[in-house]
Amino acid sequence: MPSIAAAGRGSGAAAVRMAEDGGRGAATSPTAARRFVRCLYVVGFLDLFGVSMVVPLMSLHIKSLGASHTVVGIIGSLYGIMQLFSSTFVGCWSDIVGRRYSLLACILLSALGYFLLGASTSVFLFALSRVPVGIFKHTLSISKALLSDLVSERDRPLVMGRFNAASGVGFILGPVVGGYLTELEDGFYRTSFICASIFLLNAGLVWMLPWNEENIVNMKHEHSKKRTDNSSPIRDRDSHMKPVTNGAMANDSPFQSPWVQIATVLKRIKEIASSDLWDIFLIRLLMSVAILLYYSNFTLALDERFGVKPLFSGYLMSYSSTLGVLAGCLLGPITRLYQHNTYRLLLHSSTFTCVLILLYASALGMWMVILSSTFLAFSTTIGRTCIIDLELTIGGNEASGTLLGVGQSVTSVGRIIAPLLSGIAQEFSPCGPPSLGVGLALIAILIMNINKQKYCSSGNVKLKNQ
């Protein structure tokens, strides 16, 4: 099996050939590729920073426009439904037209939605502003697909973890800035326009990235070779970056007939539906619902069980979010400890998550709640990254946008189901939702054990029609 150094020399030779062929774009060296990835971290940070400035203020704003609680709920549900159905299509579309054009389109159309939100002086305009955001706000999914195109399978969890950490920092800082701005005159409108401006800044950053329009036919085969090599971390750091490959700049023109693009999208979605990935998506659904059941009515449950005030619950959730960012930064050492065995890491993190939710459900004092929240921040962050990596490894990196889009749709289904299950379970006991989450997590762990051989076969299961 070729070594990392040999693979790195092959990548370098390909980069030289691209430069000699005219050099139209350019992440042609490890240094340039690392700079490309760091810029994507900034894109993820700005995306969630802008969104989290506005989202906490939206309910207050629409109420100030005269909307009833029912209307507020309907608009929120419509946004979730649009995200549910659009994420798969947009992810698949990014595989067809290329990451650059799809990412730019999603960022610009999301910016349009936030500009309309800043100009919303009626409930109708408010609802209208949510349409482009609901359909096209998939910038993080496409960015993750692009990162998957850029790095080897071996280093994918590390890079994904850092991307999630950068995005998480934006999610923590955004509400603070938004809360300050809303205290000013016309604060919500200013905040919305600033959010839209941040998206425009993001679009400019994406446009200026060193894109490469050349196709490297053998690059995708090097992913699996590098993942099984046992080289030093120093050489890995210099060799895991790659020039932007077919996934980032697809062969198909983004300006081809819309009907051709739609037909190709539907064909790829059919391939996903007929593939052997149902168990991966079922695991993702079960673990998502289990975690959402833990967080659902969290403040109310702590009040009923321990008499804790909402302010302390808010501090505890912020504390967990901060630890989640730290967990993303620690994924590199953790994956090396597990020798880059994503399946084993996912199984252990899911088992740990199940135990921690059980600890929370049976907690006799607040110290047990704080303990479970502390470690749950780590296990859930690791689990989310590992399930994405397993989807891409087993499903094939050639359709990373489609796979991530379907995965996002699965998570959206969980967000729809979890509040209903939580409400029913909480009718019986404040501990009902997390107890139900434990049961769902156990089913997910059972499925992982049953399909152990499949997950350990290093991506032998691909889409049937590929």
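In which helix of the protein chain is confidence lowest, and in which is it highest? The model described here is predicted, and within the protein chain the lowest confidence falls in helix α10 (residues 233-239), with a mean of 37, while the highest is found in α16, at 93. Taken over the protein chain, the mean pLDDT is 78, and 79% of the residues reach 70 or more.

**Confidence along the chain**

- Residues 1-28 have a pLDDT below 50, and the model gives this stretch 43 contacts beyond near neighbours in sequence.
- A further stretch, residues 213-252, also stays under 50 in pLDDT, and for residues 213-252 the model has 110 contacts beyond four places in sequence.

**Annotated transmembrane regions**

- An unreviewed UniProt entry lists residues 39-59, 71-91, 103-128, 163-182, 188-209, 277-296, 316-338 and 345-370 under "transmembrane region".
- In the model, residues 39-59 are 100% helix and 0% strand, with 32 Å between the C-alpha atoms at the two ends.
- Residues 163-182 are likewise 100% helix and 0% strand, and here the end C-alpha atoms lie 28 Å apart.

**The largest nonpolar core**

- The largest nonpolar core has 97 residues, and the members that touch the most other members are V54, Y114, L302 and V369.
- Helix α2 (residues 30-64) contributes the most to this core, giving 14 residues.

**Cavities**

- The structure contains two cavities of 30 Å³ or more, and the largest cavity has a volume of about 50 Å³.
- The lining of the largest cavity is made up of S87, V90, G91, S94, H138, S141, I142, G401, G405 and Q408.
- Two or more of these lining residues come from each of the elements α3 (69-97), α6 (139-150) and α18 (400-426), and the largest share, four residues, is given by α3.

- Most residues other than glycine have a negative phi, and most peptide bonds are trans.

- I334 lies in helix α15 and is partly exposed, since its relative accessible area is 21% and the buried class requires a value under 20%.
- Apart from neighbours within four places in sequence, I334 is in contact with L345 and I382.
- Although I334 and I382 are 48 residues apart in sequence, the distance between their C-alpha atoms in the model is 9.1 Å.

Methods. Residues numbered from 1 in each chain as written. Predicted model: local features only at pLDDT ≥ 70, side-chain atom pairs only at ≥ 80, totals over all residues. Heavy atoms only, no water. Core = buried A, V, L, I, M, F, W, Y, C linked by side-chain atoms within 4.5 Å. Buried < 20%, exposed > 50% of the residue type's maximum accessible area, 1.4 Å probe, protein only. UniProt positions renumbered as here; feature names shortened; annotations may be inferred. pLDDT = per-residue confidence, 0-100. Contact = heavy atoms within 4.5 Å. 1 Å grid on protein atoms, 1.4 Å probe; cavity = no way out; pocket = protein on both sides within 12 Å on 5 of 7 lines; lining within 4 Å. Points joined across faces, edges and corners; volume = space filled by probe spheres on them.
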